[in-house]
Amino acid sequence: MGIYAGESGGSEQERGVGSGGTVGVGEAQLRLGHDVRFVLAAVGGGGIRVASRIARQHLRHLETVAINCDPTVQGFEEFDRRVYLGPDTGAERDTGGSAIVGGLLARAAQPALDRIFQGATFVIVVGSLGGGAGSGALPYLLDVASRHAEVVSAFVIRPFRCEGERRALGDRALGRLHFAEAFNDKRERGRATLRTLDNESLIGAFGGLAFNRIAQHWADLIQEHIESAFLAPTEAILQAARSARAAHLVPMNALPEAELPALGIRTPAVVPTPEMPPLLPAAARLAEAREVELTFEIVRPTPTPEAR
Ligand SMILES: Nc1nc2c(ncn2[C@@H]2O[C@H](COP(=O)(O)OP(=O)(O)OP(=O)(O)O)[C@@H](O)[C@H]2O)c(=O)[nH]1
Ligand SMILES: [Mg+2]
C-alpha cells in the first residue's frame, strides 16, 4: 500500500483517495519506499550474516544491500542488491584480514557507494569489526551514507574477547570512526547514531559457541529499531497528514447541508445592520462632503509699546 500526503482539495476523486488507501494530492505526494526511502546496508561477513536475517523478513518499504570485499557476497540473494568491492583488475580476492585493504577498496568504490545511498532518507548500517572488510570499509560507507541520507543509524558488531587480535583491530576501527567527518557532523546535529553490539556481552546469556543465536539477537534488536524509529513514525506522520486533510475538507462538527431541512435546522438569515444617525451634526456634514476644505487666517500680533 502506498501512502501519499500533500496539498490538494476538492472531492475524494480529486484528492485521489484510492481503494488502496492512498491519498494522492496535487503535485506534492509522498510515497513510502519511493519518496521516503529506507535502506539497510550491511558490510563485512558478520554484518551481512546478521542483516540477512532482517532481509529475509521483507520488512515493508525496506531496501537491503550487502557490501563485502569477498566475492561470495553475490550469493546472498535475500538482499535486494549485493556489492563486491574488488580490485580494478577484476581479480577475485579477499582483504586478507587487512583493514587498510578494505579501506582502499571502499574508497575506490565511492561512485558505487554514492549510487546506493542517493535519494535515501533513512539509512541503517550494520558493520562487523575485526576483519578487513567491515573494519576498513565502514568509515567510508558511513560518510557516504551521511552525505546522502537525512538520518543514519549505525550498528557495529564488536568481536568476542577470545578472538584476541580481532577484537583489538575492531576497537582500533571503532576509534577511526571519529575521522568519519560527515557521519560525525550528523551525529552532532542529532541526525545520526552509533551503537556498538558487543558479542562478548551476550556470552553469559547464550554461551560462547552460540554464534547463530547471537546473530539472531542482534538482528531482532536492529529490526525493532527500524520498525520503531523509522517505519512506524513515518507511517503515523503520513497518516496524520491524510487525516488532517480529510478533516479540513469536511469538518467533523459541520452538518451536511443537504440534511439540514430534515433536521429542522434553518441557517440564520443575515440581519442587516441598522443605519444609525451620526452623533454630532458636524459629523453628518463631514460624512456628506467628499472633500473637506480647511481655511484659516493668520492674525498679526499687536506690537508692544516697547517695539513701537
Ligand atoms: N554475532 C556474530 N558475529 C559475527 C558473525 N560473523 C562474524 N562475526 C564477527 O565479526 C568479526 C569480523 O569478521 P567478518 O565480519 O567475517 O570479517 P570481514 O569484515 O568480512 O573481514 P575479512 O573477511 O577479514 O575481509 C568477527 O571477528 C566476529 O566477531 C556472526 O555470524 N555473528
Ligand atoms: Mg569476510
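**The sheet and its surroundings**

Modeller: The buried residues of H3 pack against H5 and helix H6 (165-176). H3 itself covers residues 99-108, and its buried residues are Ala99, Val101, Gly102, Gly103, Leu105 and Ala106. Keep in mind that this is a predicted model.

Now the overall count. The protein has 11 helices and 6 strands. It has 308 residues, and 33% of them are buried. Take the contacts between residues at least 6 apart in sequence: 67% of these join residues at least 24 apart.

Next, the sheet. Its 6 strands form an open sheet with parallel pairing, in the order E3-E2-E1-E4-E5-E6. E3 (81-84) and E6 (192-198) stand at the edges. Each has a single partner strand, so one side of each is left without a neighbour in the sheet. From one strand to the next, the twist averages 15°. In general, strands of a sheet pair through backbone hydrogen bonds, either parallel or antiparallel.

Follow the pairing strand by strand. One pair to find is Ala42 with its bridge partner Ala66 in E2. E1 is also joined to E4, again by 6 bridges and in parallel. Here Val43 has Gly127 of E4 as its bridge partner. E4 and E5 run parallel too, joined by 7 bridges. Across that pairing, Ile124 stands opposite Ser153 in E5.

How many of its residues are buried? The count is 7 of 7, so E4 is mostly covered by the cut-off of 20 or more other C-beta atoms within 10 Å. Phe122, Ile124, Val126 and Ser128 point one way from E4. Val123, Val125 and Gly127 point the other way, and both groups are buried. The general rule is that side chains in a regular strand alternate between the two faces of the sheet.

What lies over these strands? H2 lies across E1, E2, E4 (122-128) and E5 (151-158). Relative to E4, H2 runs at about 135°.

Take Leu141 as an example. Leaving aside neighbours within four places in sequence, Leu141 is in contact with Ala41, Val43, Ile67, Ala106, Leu113 and Val125. In soluble globular proteins, nonpolar side chains tend to be buried together.

Now move along to E5, where Arg158 lies. Is Arg158 buried or exposed? Arg158 counts as buried, because 22 C-beta neighbours lie inside 10 Å. Arg158 and Ser128 are 30 residues apart in sequence, yet their C-alpha atoms are 6.7 Å apart in space. Arg158 touches Leu129, Arg167, Gly170, Thr196, Leu197, Asp198 and Asn199, not counting residues up to four places away in sequence.

The loop between H2 and E2 (62-68) makes a contrast. His58 is in this loop. Its phi is near 50°, a positive value in a residue other than glycine. His58 is exposed, because it has 10 other C-beta atoms within 10 Å. His61 is also in the loop between H2 and E2. Phi of His61 is near 70°, again positive in a residue other than glycine. With 19 C-beta neighbours inside 10 Å, His61 counts as partly exposed.

Finish with the ligand. Which residues come nearest to ligand 1? Of the 27 residues around ligand 1, these are Gly44, Gly45, Gly46, Gly131 and Gly134. Helices H2 (45-55), H5 (132-148) and H9 (211-249) each give two or more residues to the shell. By class, the shell around ligand 1 has 10 nonpolar, 12 polar and 5 charged residues.

Notes:
Residues are numbered from 1 along each chain as its sequence is written. Chains are lettered from A and ligands numbered from 1 in the order in which they are written. This is a predicted model: local features need pLDDT of at least 70, side-chain atom pairs count only at pLDDT 80 or more; totals for chains, interfaces and linings use all residues. A residue is near a molecule or strand if its C-beta atom, placed from the backbone, lies within 6 Å of it. Helices (H or I, at least four residues) and strands (E, at least two) are DSSP runs, numbered from the N terminus. Ala, Val, Leu, Ile, Met, Phe, Trp, Tyr, Cys and Pro count as nonpolar, Asp, Glu, Lys and Arg as charged, and the others, Gly among them, as polar. Two residues are in contact if their C-beta atoms, placed from the backbone, lie within 7 Å. A residue is buried if 20 or more other C-beta atoms lie within 10 Å of its own, exposed if 12 or fewer, and partly exposed in between; C-beta atoms are placed from the backbone. Two strands pair if DSSP finds at least two bridges between them. Axes are lines fitted to C-alpha atoms, for helices over the stretch in contact, and angles run from 0 to 180 degrees between N-to-C directions.
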